[in-house]
Structures are given as C-alpha cells and as structure tokens.
Amino acid sequence: MGEDGAVTSAPQCPDGPTPTPRLIATDLDGTLLRDDQSVSPRTVAALAAAEEAGIEVFFVTGRPARWMDVVADHVHGHGLAICANGAAVVDLHAGREFVQVRALPRTAALSVVEALRAAAPGTSFAVELTTGINYEPAYPPFFKDPGARLAAAEQLLQEITDKGEGSAPVLKLLAHHSEIAPDEFLALARSAADAYASITRSSPTSLLEISGHGVSKASTLALCCAERGISPDQVVAFGDMPNDVEMLSWAGTSYAMGNAHPDVIAAASGRTVANNEDGVALVIERILAEQLARHEA
C-alpha cells in the first residue's frame, strides 16, 4: 500500500539483463507477502529455486520476531532473518532465537518521547522489547498483546519490573498520531528527534518506528553481508515503504514494488509488479532464467 492508497502496478521489470546476485534481501509486508499475509505458491517455488541455485535469501522486515511464523518455513540454509528494521537478527530455525540485537538506548528513547510530545501533542507510544510489547492506554489496538503492560511511555522505559523487562533491550519505540498525515508525521518527527534515533515508517497509517541511531535494515544487512564476504553489488533487494529506502539505496540492484511509496520508487534502481502479482517471484525467475541461459551459451 502506498501513501493514501494503492499505487498502480508497474507493467514489467526493467529491460536489460539482471545481475546474478549472491544474496536476495526482501521485505515482507507489501513486498513478498500478498495483502492477505500469505506467501503464494509461485513465490515459495521461486525462493526455493534461488536457494537451490546457491543464492542466499534474507527476509528483512519491520516485524518483530514473534510475527515471523508466516515465513519461518521458507527460510532455507542459514535460517536467519533481520527483524524490527534491523534491530535484531533472528534464527528462525532455532525458535526465533536472537543472534544479534542492536538496541535503542532507553535514554535516547526517553528523549524521543519528550521531543515528540512537544512537537506533536496527542502522540501515543508503544515499546517493543526483546520480551514483547508494552504500550500506552491511548495507543491504538493494532495487534493488542494480552500479556502487554499498559502505562505511560516514560514509565515503561524507566521501570524495572518483576519480569525483568526493565533490563530487556528495547528494539523499537513506536509512535502513533491520529490526526497528522503519515509522511507529515515522519518529517516532523525527524526534524524534532533525529538527533536521538533513526525514525522511519512502514504502515499506511501515521505510525512511526524508532530505532537506535544508525540502525536500519540497510546497516544490519550490510553487517550480515560483510560477515559473508558479500559486497553491495552482489545483493538484489526488494521493498515498498520508507523503511526500505536505505536498503534499496545500499544494494547494487533494487526493486520497488508496483504498489510502492513514491520515495521507494525514487530510491530503487528498478521496479517490478505489485506484491499481489508476485513481483518478487517474477524478478527471481528472471534472474535464474538468465543465469541458466548464460551457462548453456
């Protein structure tokens, strides 16, 4: 979903050969997943074929680890996924175990809360921890967790609880506003608080996702690639929303979905069709077909 509604799908992938990558990095919601949150049979087959061809696949998402069941069966080989916009690397083969955490310092989170309360009165907050999510009473009921604690953000970030959540790393601070338009809210928050944290958005609503300074899908993907000796020009990336912009800019080849936000289209080197039309699978199929043709030539 693009800003304030769907964006018309691009008719086809860009002309010209697509480089054979060593790694494919794909967002999930609005990108790999269809709008009903399913992974289509065509996409499942394309992911498996890429792995069979020796191309690693990384899911790179704003989702927390606890929401990764939808794709857990489709991670091959390494079993790793980058979650929470780069704040965590999770092993889906090992029960969503945290392999790496790039936390948002609580002092920085408190500074963001203070800045946004002043710049955008009416903002409500949630705190995403490695142990789960807690939120303010005014925070909208997107995916209410029955085990969550309700309190002011300042209290949630300062308290040490009996469950030990006070010492649990903060993955993201979430900020919602019911009246300010999504992109306007993002620009306002960055102006007020980007000295303390990295601020982005992936929802069609005015919901911001706030990570540690310098933490993004791109920076964590770069670390994972460096560990494997993979350079940016050996990566093909896919995305649809502002939280994908840095990743698409970093990758040597990148595709905005047909349903992508305008900022994503501007950042990507190419464009594919929409998530509901299996745009990721279409590009993977093309990459593998061109690879086979080169080998047979």
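Predicted model: local features only at pLDDT ≥ 70, side-chain atom pairs only at ≥ 80, totals over all residues.

Student: Okay, helix 2 first. Which of its residues are buried?
Tutor: Thr43, Ala46, Leu47, Ala50 and Glu51 are the buried ones in helix 2. Looking down the axis of helix 2, you'd find its buried residues within an arc of 135 degrees, so they line one face of the helix.

Student: Why would residues spaced like that point the same way?
Tutor: An α-helix has 3.6 residues a turn, so residues three or four places apart point the same way.

Student: And what do the buried residues of helix 2 pack against?
Tutor: They pack against strand 1 (23-26), helix 1 (28-32), strand 2 (56-60) and helix 10 (279-296). On the face turned away from the buried side of helix 2, you get the exposed residues Pro41 and Glu52.

Student: What comes after helix 2?
Tutor: Gly54 follows helix 2, and its phi is positive, near 90 degrees.

Student: New topic: the core. How many residues are in the largest nonpolar core?
Tutor: There are 34 residues in the largest nonpolar core, and Phe59, Met68, Val71 and Ile284 have the most contacts inside it. Helix 10 gives the largest share of this core, with 6 residues.

Student: Say more about Met68. What is it in contact with, leaving aside neighbours within four places in sequence?
Tutor: With those neighbours left aside, Met68 is in contact with Leu28, Phe59, Thr61, Arg63, Ala81, Cys83 and Leu92. There's also a second, separate core of 28 residues, and it includes Ala115, Val127, Ala151 and Leu173.

Student: What about the rings? How many aromatic pairs does the structure hold?
Tutor: It holds 2 aromatic pairs. In one of them, the rings of Tyr135 and Tyr139 have centres 6.2 Å apart and planes at 25 degrees, so the pair is stacked.

Student: Are Tyr135 and Tyr139 buried or exposed?
Tutor: Tyr135 counts as buried, at 6% relative accessibility, and Tyr139 is buried too, with a relative accessible area of 7%.

Student: And the pair with Phe238?
Tutor: Phe238 pairs with Tyr255, and that pair is stacked as well, at 5.5 Å centre to centre with 20 degrees between the planes. This pair links distant parts of the chain: Phe238 is in strand 11 (residues 235-239) and Tyr255 is in strand 12 (residues 253-256), 17 residues apart. Phe238 is buried at 0% relative accessibility.

Student: Last topic, salt bridges. How many does a search of the whole structure find?
Tutor: The search finds 14 salt bridges. One joins the side chains of Arg63 and Asp29, at 2.7 Å from N to O. Arg63 sits in the loop between strand 2 and helix 3 (69-72), while Asp29 is in helix 1, 34 residues apart.

Student: How accessible are Arg63 and Asp29?
Tutor: Arg63 counts as buried at 12% relative accessibility, whereas Asp29 counts as partly exposed at 29%.

Student: Which residues are linked in a network of salt bridges?
Tutor: That would be Asp27, Lys217 and Asp244.

Note on methods: Residues numbered from 1 in each chain as written. Heavy atoms only, no water. Buried < 20%, exposed > 50% of the residue type's maximum accessible area, 1.4 Å probe, protein only. Helix = DSSP H or I, 4+ residues; strand = E, 2+ residues; numbered from the N terminus. Arc of directions from axis to C-beta. Contact = heavy atoms within 4.5 Å. Phe/Tyr/Trp six-rings, centres within 6.5 Å; stacked < 30°, edge-to-face > 60°. Core = buried A, V, L, I, M, F, W, Y, C linked by side-chain atoms within 4.5 Å. Salt bridge = Lys/Arg side-chain N within 4 Å of Asp/Glu carboxyl O.
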